[in-house]
Amino acid sequence: MRLCRVWVHEMEASEQWHNIRMECWFERLPMVEFLIQCAQHLQVPPIVKYSALSLFADRFFPSLPPFLKGGNSSSWLLRPLTESTFHLFVLISLWISTKIHDSQPLSVACFKFLADKNIKEQHFTTRNFLEAEVLFMQVLDFEIGTTNIAFLFLEDLWVQFKGVAKVGELISIEACMEIMDLLYEKEEMSVLFRSPHSIAAAILVVSYVITVPKQKWEFPVLAWVNFVTSCKEDDMIKMVTVILKHVLEPC
């Protein structure tokens, strides 16, 4: 499968980008930022954080409009949708993720405490959390698997790269995660996460370019990731170029 090729075709259809509803962009960014902040506050493992991002940003957020259009729920949580409600669903994504990946998942009380502290416009009870969890899973059609997310592939590639290249020691997984966070914070980059293997490989290459001194660029990292992911070199170069542009652009 040429996942990277699929991404390139979607990116080259630039007119499609202009059809993205701007109101969704304005809602999505603060929600992603809120999720990242909550993950830091709770000190959850990276896999919990990125699983939650995948559940919320990659799946729940784009699935919600057709779910509402189909009249699949009359829950008061969705009528009307408010910023407070989105904050609640962000916390739900983290709660579900901890239950998937942590042997001792965080209790609902932890998330209710965060809600009471950060959501001032509305008070949510423990019962509201339970109702929101069911509703969240209904929007996802109960497909809450997290084995096919970019972070897992990135972590695996990073470990492999350190094993085959001495220069791999210069690349930290933290630097790779910072790049991934920046991409999640940009609506126009969300399509990248539809190809988790390809974006993982591209992030590793970008981290290599940014962190490894140019005089040490000896290992053929691009050829290696292309071999590992079966992505064409031209497609990977395009993806890496786009990511570099967004990562390095001035704020």
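The model is predicted: local features need pLDDT of at least 70, side-chain atom pairs count only at pLDDT 80 or more, and totals for chains, interfaces and linings use all residues. Residues are numbered from 1 along each chain as its sequence is written, and side-chain values use heavy atoms, with hydrogens and water left out. The protein chain has 12 helices and zero strands. Helices (H or I, at least four residues) and strands (E, at least two) are DSSP runs, numbered from the N terminus.

**Overall fold**

- From the N terminus on, the element order is α-α-α-α-α-α-α-α-α-α-α-α.
- The protein chain has 251 residues, and 49% of them count as buried.
- Buried means under 20% relative accessible area, exposed means over 50%, and partly exposed lies in between (1.4 Å probe, protein chains only).
- The accessible surface comes to about 12,800 Å². Carbon and sulfur atoms account for 56% of that surface.
- Accessible areas come from the Shrake-Rupley method with a 1.4 Å probe; for residues, only the protein chains shown count as cover.
- Take the contacts between residues at least 6 apart in sequence: 75% of them join residues at least 24 apart. Contact means heavy atoms within 4.5 Å.

**Nonpolar core**

- The largest nonpolar core holds 86 residues. Helix 4 gives the most to this core, with 12 residues.
- A nonpolar core is a set of buried Ala, Val, Leu, Ile, Met, Phe, Trp, Tyr and Cys residues joined through side-chain atoms within 4.5 Å.
- Phe56, Phe129 and Leu204 have the most contacts inside the core.
- Beyond residues up to four places away in sequence, Phe56 touches Met31, Leu35, Phe61, Pro62, Phe86, Phe89, Val90, Ser93 and Phe136.
- Ser93, one of those partners, is found in helix 5. Ser93 counts as buried because its relative accessibility is 0%.
- With residues up to four places away again not counted, Ser93 touches Leu35, Ala52, Leu55, Phe56 and Phe136.

**Cavity**

- A search of the whole structure finds one cavity of 30 Å³ or more. The largest cavity has a volume of about 30 Å³.
- On a 1 Å grid over the protein atoms alone, a cavity is a set of points where a 1.4 Å probe fits but cannot get out; lining residues have an atom within 4 Å of a point.
- Grid points are joined across faces, edges and corners, and a volume is the space filled by probe spheres set on the points.
- The lining of the largest cavity consists of Tyr50, Ser54, Asp58, Ile149, Ala150, Phe151, Met180 and Tyr184.
- Helix 4 (46-69), helix 8 (150-164) and helix 9 (173-184) each supply at least two lining residues. Helix 4 gives the most, with three.
- By type, the lining divides into six nonpolar, one polar and one charged residue.
- Ala, Val, Leu, Ile, Met, Phe, Trp, Tyr, Cys and Pro count as nonpolar; Asp, Glu, Lys and Arg count as charged; the others, Gly among them, count as polar.

**Backbone features in loops**

- A cis peptide bond joins Arg79 and Pro80, with omega about 0°. Pro80 lies in the loop between helix 4 and helix 5 (83-101).
- Phe142 is not a glycine, yet its phi is positive, about 60°. Phe142 sits in the loop between helix 7 (126-139) and helix 8.
- Phe142 is exposed, with a relative accessible area of 51%.
- Ser230 also has a positive phi, near 60°. Ser230 is found in the loop between helix 11 (221-229) and helix 12 (233-248).
- Ser230 is partly exposed, at 39% relative accessible area.

**Contacts across the sequence**

- Phe153 is found in helix 8. Phe153 counts as buried because its relative accessible area is 19%.
- Phe153 and His197 are 44 residues apart along the chain, and their C-alpha atoms are separated by 6.0 Å.
- Not counting residues up to four places away, Phe153 touches Thr147, Asn148, Pro196, His197 and Ala200.
- Ile171 is found in the loop between helix 8 and helix 9. At 2% relative accessibility, Ile171 is buried.
- The C-alpha atoms of Ile171 and Trp158 are separated by 8.2 Å, with the two residues 13 apart along the chain.
- Beyond neighbours within four places in sequence, Ile171 is in contact with Trp158, Phe161, Cys176, Leu204, Ser207, Tyr208, Thr211 and Val212.

How values were computed. On a 1 Å grid over the protein atoms alone, a cavity is a set of points where a 1.4 Å probe fits but cannot get out, and a pocket is an open set with protein on both sides within 12 Å along at least five of seven lines; lining residues have an atom within 4 Å of a point.
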